[in-house]
Amino acid sequence: KLANQAIEVTKYSDNKIEGNIKVQEDGVLMFSIPYDEGWNIYINGEKMETYPIIEGLMGIDLQEGEYKVKMVYHCPGLFEGFLTTLLGVVILMAFMRIEKIQRQR
């Protein structure tokens, strides 16, 4: 019964998985991917809330029907880390410039 309700993967890459699924009865769609807040799951284009199930795997609630599933992974903290690094480089360059000006005097 479960094998008949698996996601049929149509596209995949390092950070994205797309596919289709036909759910025969209301329940939980469990992914064999560890739960991580970086994953965003879209069902028919609508973002769904994920939650950890069974020893930390990822799951969402689904009702009976046919769905297009899209899973996208964004590394949490990546943008903040990039901004912090950029700010650090700017500050370093400013200190180097100030030191160069002081040496010339």
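Reply: Two strands are said to pair if DSSP finds at least two bridges between them. The model discussed here is predicted. Within a pair, residues can be assigned to one another: W39 stands opposite Y73 in β8.

Me: What makes β4 and β8 a pair of strands?

Reply: β4 is joined to strand β8 (residues 65–73) by 5 bridges. At least two are required, so the two strands pair. They run antiparallel, and I41 stands opposite M71 in β8.

Me: How do you know that β4 also pairs with β5?

Reply: Between β4 and strand β5 (residues 46–48) there are 3 bridges. The requirement is at least two, therefore this is a pair as well. The strands run antiparallel, with I43 opposite E46 in β5. β4 and β5 form a hairpin with 2 residues between them, and N44 in the turn has a positive phi of about 50°.

Me: Why is strand β4 called mostly covered?

Reply: A residue is buried when its relative accessible area is under 20%. In β4 (residues 39–43), 4 of the 5 residues are buried, so the strand is described as mostly covered.

Me: Which strands are the edge strands of the open sheet?

Reply: The open sheet has 5 strands in the order β1-β2-β8-β4-β5, with antiparallel pairing. β1 (8–12) and β5 are its edge strands, as each pairs on one side only. From one strand to the next, the twist averages 25°.

Definitions and conventions
Residues are numbered from 1 along each chain as its sequence is written. This is a predicted model: local features need pLDDT of at least 70, side-chain atom pairs count only at pLDDT 80 or more; totals for chains, interfaces and linings use all residues. Side-chain values use heavy atoms; hydrogens and water are left out. Buried means under 20% relative accessible area, exposed over 50%, partly exposed in between (1.4 Å probe, protein chains only). Axes are lines fitted to C-alpha atoms, for helices over the stretch in contact, and angles run from 0 to 180 degrees between N-to-C directions.
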